[in-house]
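Have it open beside you and take the points in order.

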Amino acid sequence: MGFADFLSDAGLSMLESWVTTRSYSSYGPSQADVASFKALPGPPKVEKYPHAWRWYKHISSYQSEFSSLPGDPSKAYTTYGPEKSELTINPKDAPKTAEADEEDEDDLFGSDDESEDEEAKKKREENLAAYKKKKEGKVKPAAKSIVTMDIKPWDDETDMKELEKNLRSIEMDGLTWGASTLVPLAFGIKKLQINLVVEDEKVSIDDLQEQIAGDEDHVQSTDVAAMQKL
């Protein structure tokens, strides 16, 4: 199917859904990202489309390399994106609401028909209460993501050990720093590439990047190189 018109809410919602777990349209920056970036009149609203805004900000850092990125620059942005829309078109296919779930739970233990006798009604309500209590007692594991982040210094004279020390001093509930390595860029400059695990509901990647960028003496920019749900 591909992306829809980015001037519409439906098109932006499709982009938001597509880049929620992606840093790029493919395995790395490509003409697919360039075509989609150019089709947007500007950055999506961060409060409404946070993941699309993060993707837009990330791809904008490659503008000087647009012409050299891999892929076919003649393809329209509508040829990229999801093969089928994840937006709900038919109401019967919409996800169930919490209220509908409760109704389904009621059905598990029989109808609430007015004609049922008091004893049967009492038994049904006891069974329903026991079921809900058991269900509430189950704690779902926290949703987590593993992120690979690139931190670029200002120049080849930047103290990368001090940069990493300052980086790892950042503490957030739900954030765990992992292994890191220095990756050569050009002219003797190396970027720090580091892995981290975050609890999705507790840690905002955008907020984390802002904190990292606060080390202005060492950090020139940050990029999310990869992101995957655990």
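1. Residues are numbered from 1 along each chain as its sequence is written, and side-chain values use heavy atoms, with hydrogens and water left out.

2. What does D200 meet in a salt bridge? Its partner is the side chain of K229, at 2.8 Å, N to O. A salt bridge here is a side-chain nitrogen of Lys or Arg within 4 Å of a carboxyl oxygen of Asp or Glu. Since K229 lies in strand β4 and D200 in the loop between β3 and α7, the pair ties together parts that are 29 residues apart in sequence. K229 is partly exposed, with a relative accessible area of 43%. Helices (H or I, at least four residues) and strands (E, at least two) are DSSP runs, numbered from the N terminus.

3. There are seven salt bridges in the structure. One of the others brings K48 and D9 together at 3.5 Å, N to O. K48 sits in the loop between α2 and α3 (50-60) and D9 in helix α1, so parts 39 residues apart in sequence are tied together by this pair. K48 is partly exposed at 47% relative accessible area, and D9 is partly exposed at 46%. Salt bridges that share partners also link D173, E199 and K202 into one network.

4. Now for the sheet. Four strands make up an open sheet, in the order β2-β3-β1-β4, with antiparallel pairing. Two strands pair if DSSP finds at least two bridges between them. The edges are β2 (175-184) and β4 (219-229), each pairing on one side only. From one strand to the next, the twist averages 20°. Axes are lines fitted to C-alpha atoms, for helices over the stretch in contact, and angles run from 0 to 180 degrees between N-to-C directions.

5. Strands β1 (residues 144-153) and β3 (residues 190-199) run antiparallel and are joined by eight bridges. For V147, the bridge partner in β3 is L196.

6. S145 and K229 are 84 residues apart in sequence, yet 4.2 Å apart in space, C-alpha to C-alpha. Not counting residues up to four places away in sequence, S145 touches L196, V197, V198, D200, M227, Q228, K229 and L230. Contact means heavy atoms within 4.5 Å.

7. Which helices go with the sheet? Helix α6 (residues 160-168) packs on the sheet, touching β1, β2, β3 and β4, and its direction makes about 10° with that of β3. Helix α7 (residues 205-213) lies across β1, β2, β3 and β4, at about 155° to β4.

8. M160, L163 and L167 are buried in α6. These residues cover an arc of only 55° around the axis, so they are on the same side of α6; the arc is that of the directions from the helix axis to the C-beta atoms. The buried residues of α6 pack against β1, β2, β3, α7 and β4. K161 and K165 are exposed on the other side of α6. E164 and R168, both in α6, are four residues apart, about one turn of the helix, and their side chains meet in a salt bridge at 2.9 Å, N to O.

9. Finally, a word on confidence. pLDDT is the predictor's confidence in each residue, from 0 to 100. The protein chain has a mean pLDDT of 83, and 83% of its residues reach 70 or more. Among its elements, α6 has the highest mean pLDDT (95) and helix α4 (residues 98-108) the lowest (51). Over residues 86-95, pLDDT stays under 50, and the model has six contacts there beyond four places in sequence. Where pLDDT is low, the predicted coordinates should not be read in detail.

Note on methods. This is a predicted model: local features need pLDDT of at least 70, side-chain atom pairs count only at pLDDT 80 or more; totals for chains, interfaces and linings use all residues. Buried means under 20% relative accessible area, exposed over 50%, partly exposed in between (1.4 Å probe, protein chains only).
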